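Hi,

Here is the structure I said I'd pass on.

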Amino acid sequence: MSASGASSKAEKVPPLDFRSSCLFALRFALGKEPSRAGAYDKYQALALAARDRLMDDWLRTEGRIRESGAKRVHYLSLEFLMGRALQNAVLNLDIEEPARGIMRELGMVLEQVYEEEHDAGLGNGGLGRLAACFLDSLSTLGIPACGHGIRYEYGIFRQVIQDGRQIEQPDYWLFWGNPWETPRPEGIRRIRFYGKTRAFTDEKGRYRVEWIGTEDILALPFETLVPGYRNGVANPLILWSAKSDEEFNFDYFNHGDYIRAVEQRNSDETISKVLYPNDNTSAGKELRLKQEYFFVSAALQRILDEFLKEHGDLTLLPDKVAVHLNDTHPAVAVAELMRLLVDEHGLEWDKAWGLTSRTFAYTNHTLMPEALEQWEVGLFGRLLPRHLEIIYEINRRFLEEVTSHFPGDTERVRRMSLVAEDGPKRIRMAHLAVAGSHSVNGVAALHTELLKRHLFRDFAEMWPSRFNNKTNGVTQRRWLHQANPALSRLITDAIGEKWRTDLGDLKRLEPHAEDAAFREAWAAFKYGNKAVLAAQILQTLGVEADPQGLFDVQVKRIHEYKRQLLNLLRVVAVWLRMRESPGRDWTPRVVILGGKAAPGYFMAKLIIKLCHDVARVVNADEILDGRLKLVFLPNYGVSLAERIFPASDLSEQISTAGTEASGTGNMKFALNGALTLGTLDGANIEIRDAVGPGNIFIFGLTESEVASAKASGYDPRRIYEANGEIRRVVDLLASGFFSPEEPRRFRPIVDSLLGGDPYMLLADFASYLAAHDRAETLYRHRDSWTAASIRNVANMGFFSSDRTIRQYAEGIWEARPILP
């Protein structure tokens, strides 16, 4: 990474002691006397002092990589949901005590300083958070790596709830600046769009193509360092920001047209303005494709430039570089690398294709066909004309290979083509990623089997060895050590701190489940975490949540297949039961939901409204005497999740079997001692196998049963007519009971349930309620519940992202650690 100026052997420059570093940053970087510094100034000073340590670690890491000639991993992802950086850096760098001391000297508690940081708005959900966990594990394991993404000025949006409805507001997370990033203007890359191609024969008589008449944008890299856990390693995350090639048009300005003078600049820089623009319009689609190509091209240009400086010989590329595609968004990288190798570096096609396919690996994260991007040929060819030609040529050669494997099978050729021709021609980006990668993996055992059996069946039959499973994991350093310090200390006091880098060591907790004193301490810490969350619920929503009650939680992106609606139907059913038998000794329960709906997703936003309308009725019902509460926590993100997971008793993982690729929220809940209530979907299956069937509540149809029911003509109305409890709940929604001011408000939900029920809510309803009955019975025996909670945590060793990354490094990337 020459942009940093790192030499092969970094010189030893003794840093200031941490206290002096903070005071130096406060005075000379921020221009503040300690007596006049505000809380945010103190946060910045602490962050800059920590960044100094990170920079020193990174220079040494870079020196070791260059000296050893180690292979580098480049992780391309449209999202990196990093969360706050300060606490993570303080813990990983092992500087908590000096940080606490200088903040105390400056009149602040360290935890208050942590709250000054705004969450980095670089992702939306599980995809981006997984990428962040992977960067943490890559650094902790000492594997040379670099993340590449976009430096969005605005996050997806800040969710505000008004009258029970989601309102999207801009999330300008960079408003106060970002002390963790370093701009590298010397590393700017030129990104090209539009134009046309010109074919010619070069001086050696070879067919060549030139991309001309393009409109260019500059990509400015910002570097953020990700620390390993107390090992002297730091890896970079490179985030690219769009800058106009035409900063200012003086001709327009001099004629008084001040708006048009900067119009082109504003248009160009829109590329890195916002995460996931609404792509319901043609302009939105074009911007989305621009974003994907923008960061992919910038990353690959940088990767090739740095590779050639270090190694010189392009034939060594797959031996020294691994490029990983995190889902389908970066798939255009396959065509871009071919363009760079063939057009810019003059390689013959076959040699370039061999290098490309040995360099790339692809992770699929979804079974939803609508989430597998397809770009209309018209848009793609207008925006990236050379890449369309390259994809056509890849496809021509690929289909020849398909035909040779399966002679005469024209239907298979049609299915496998990189170009869909049923309707307007479209480029199938997932097919491009599979064809251009040497490895394709799913992210849970069931997910991978479904990829091979359904989504990519034709490809798996042709290239069976290309497909493999790498079950997701999460970093225990953020999601237990950082998020749940009280439980972390209890665990460390019991078994030592090895679990922070070897999660399998948690297995030694299992005997402690039989220790009454340990169970009592465990329950006390859980209660304390619940009390903290209850106070936040009261402050935020004005709803009293009893920490003695069962905290029953479902927080994730709002989507029909994740079935937040099933949860709400169950709440209504329980509310009706409680009203009918108010004298029964009901277990107090607080049902907590949270998550964002895509701005254009009508049904998801209607589910959020239903949650608030049901909560308004349930929470005000005096007959229940506060024993059932329903709350929706707005603006769900990493920092809020760090409060929620430690306080949760029951983890709702209730997607329709066969729809969730893996999930990682399920792992974070279980790692913090919540018991899972879920379907046999995604990684729930592997969690059940790890913790044992007695420590989890499984319900619902299996994936094969779902497929069988749909194939045999599933009719939800028959269930509705046969099950009186379901009928009462659905009829309440249909009657307008929860929305008297707008009686037909939830008619679309009712019509969906009775008119097809695509995600099988009614089919699983009775089983779901029965699972909740089992959970409530166990919760009433608190000692048994606590023992099950301990056993859950003790058996979560497999679900560390460290294990996942080791499997990627050994089985896909062939990358080795370079620890000090």
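The lining of the largest cavity splits into eight nonpolar, three polar and three charged residues. For these classes, Ala, Val, Leu, Ile, Met, Phe, Trp, Tyr, Cys and Pro count as nonpolar, Asp, Glu, Lys and Arg as charged, and the others, Gly among them, as polar. A cavity here is a set of points, on a 1 Å grid over the protein atoms alone, where a 1.4 Å probe fits but cannot get out; a pocket is an open set with protein on both sides within 12 Å along at least five of seven lines, and lining residues have an atom within 4 Å of a point.

Before going on, please keep in mind that this is a predicted model: local features need pLDDT of at least 70 and side-chain atom pairs count only at pLDDT 80 or more, while totals for chains, interfaces and linings use all residues. Residues are numbered from 1 along each chain as its sequence is written, and side-chain values use heavy atoms, with hydrogens and water left out.

Back to the cavities. There are five of 30 Å³ or more in the structure, and the largest has a volume of about 120 Å³. A volume is the space filled by probe spheres set on the grid points, which are joined across faces, edges and corners. The largest cavity is lined by 14 residues, and Glu560, Leu565, Ser752, Leu753 and Leu761 are the closest to its centre. Helix 23 (564-580), helix 24 (602-619) and helix 31 (747-754) each give at least two residues to that lining, with helix 31 giving the most, at three residues. The helices are DSSP runs (H or I, at least four residues), numbered from the N terminus.

The second largest cavity holds about 100 Å³ of space. Of its 13 lining residues, Val574, Trp586, Arg589, Asp773 and Glu776 sit closest to the centre. Helix 23 turns up again here, and along with helix 32 each supplies at least two lining residues. By class, this lining has five nonpolar, two polar and six charged residues.

Helix 23 also packs against helix 30 (residues 724-735): their axes come within 10 Å and cross at roughly 105°. Axes are lines fitted to C-alpha atoms, for helices over the stretch in contact, and angles run from 0 to 180 degrees between N-to-C directions. The two helices are therefore roughly perpendicular to each other, a label for angles of 65 to 115 degrees, whereas under 35 is roughly parallel, over 145 roughly antiparallel and the rest oblique. In contact terms (heavy atoms within 4.5 Å), Leu569, Val572, Ala573, Trp575, Leu576, Arg577 and Glu580 of helix 23 meet Glu725, Arg728, Val729, Leu732 and Leu733 of helix 30. That contact has eight nonpolar, no polar and four charged residues.

And helix 32 (residues 761-779)? Its axis comes within 6 Å of that of helix 33 (residues 782-794), and the two cross at roughly 110°. That makes helix 32 roughly perpendicular to helix 33. Ala775, Leu778 and Tyr779 in helix 32 touch Arg782, Ser784, Trp785 and Ala788 in helix 33.

Last, the second largest pocket. Its volume is about 1300 Å³, and 48 residues line it, with Arg84, Glu115, Ser639, Glu642 and Arg643 nearest its centre. Several helices supply at least two lining residues each, including helix 3 (86-92), helix 22 (516-541) and helix 25 (638-647). By class, the pocket lining has 16 nonpolar, 17 polar and 15 charged residues.

Cheers
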